[in-house]
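Here's a quick briefing to read alongside the model.

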Amino acid sequence: MTGTVLRDDLAAVAQALDLAQQHGSPVAQSSTTMTLAEAYEVQHRLVARRIARGDRVSGVKLGFTSRAKAVQMGVDDVIIGSLTEAMRIEDGGRLAPHGFIHPRIEPELAYLIGTDLPADADDAALRRAVVAFAPALEIIDSRYLDFRFDLEDVVADNTSAAAYVIGPWTDAASAGDLDNRGVRLEVDGRLHATGSTAAILGHPDRALTTALRMSRAHGFELRAGMVLLAGAATAAVPLPQGAHVEASVTGLGRVSMRFGGVGND
């Protein structure tokens, strides 16, 4: 099928992805050939279903901002998705494995937005809006069989967003330049990946202008109190049950979480 997809078809794709996430049961790639605009419509419908159940949007995330991640996933364009409060895990906390299909984890850099950003905000306004930075972990979990998808599929699936952890915030005024900060990812005390914040679009601050551009193009808002995950500094690694994961960003500290464990619920 080519051309414009019927709205009922898009609603069905959103429902299938939502149920896959709730029950931890993967679905095949959509047989409906979507445009990128239609894929974002599916994503908005998917997030709206979660909001209708009492969740709320807590931020946005960028995907495929690093060359390593783009190569790993076989795509070549930056994408944007929503974070919700139900996805947030406390630093040092435990994430229950129920509902996950094939989770992976990656170290990220988080920005805290202090003021609402209008669509026409300039670079100066963008920088003033950011009040703090933090090391972060993002857990991704594609709802598609075998973690296989094309660009439109992953956009529809809310960019594989599953959970996130934010470490200690550092005031933006004292953090200094974030370019080329060392990033480490450890699983059960063993080093699994190293990288640099420079891998995020060449400089992580470019995530701000990219997020604003993508938000304007695809119907997102950047509001006070929201978190922006700027993108992975390394390729994602598989997340086994019971694993303790810790990431660090030079000068910003460490962030950690455990996947499953006691009770394993």
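**Salt bridges and strands**

Arg254 is partly exposed, at 38% relative accessible area (partly exposed lies between buried, under 20%, and exposed, over 50%, with a 1.4 Å probe and protein chains only). This is a predicted model, where local features need pLDDT of at least 70, side-chain atom pairs count only at pLDDT 80 or more, and totals for chains, interfaces and linings use all residues. Residues are numbered from 1 along each chain as its sequence is written, and side-chain values use heavy atoms, leaving out hydrogens and water.

**Charged pairs**
- Arg254 makes a salt bridge with Glu246, with the closest N and O atoms 2.4 Å apart (a salt bridge is a Lys or Arg side-chain nitrogen within 4 Å of an Asp or Glu carboxyl oxygen).
- Glu246 is partly exposed too, at 21%.
- Salt bridges with shared partners link Arg56, Glu85, Arg88 and Glu90 into one network.
- The whole structure has 12 salt bridges.

**Strands**
- β13 (residues 244–249) pairs antiparallel with β9 (residues 182–187) over 5 bridges (strands are DSSP E runs of at least two residues, helices H or I runs of at least four, numbered from the N terminus; pairing takes at least two DSSP bridges).
- β13 also pairs antiparallel with β14 (residues 253–259), over 6 bridges.

**Helix α7**
- Buried residues of α7 include Leu208, Leu212 and Met214.
- Just after α7, Gly219 has a positive phi of about 80°.
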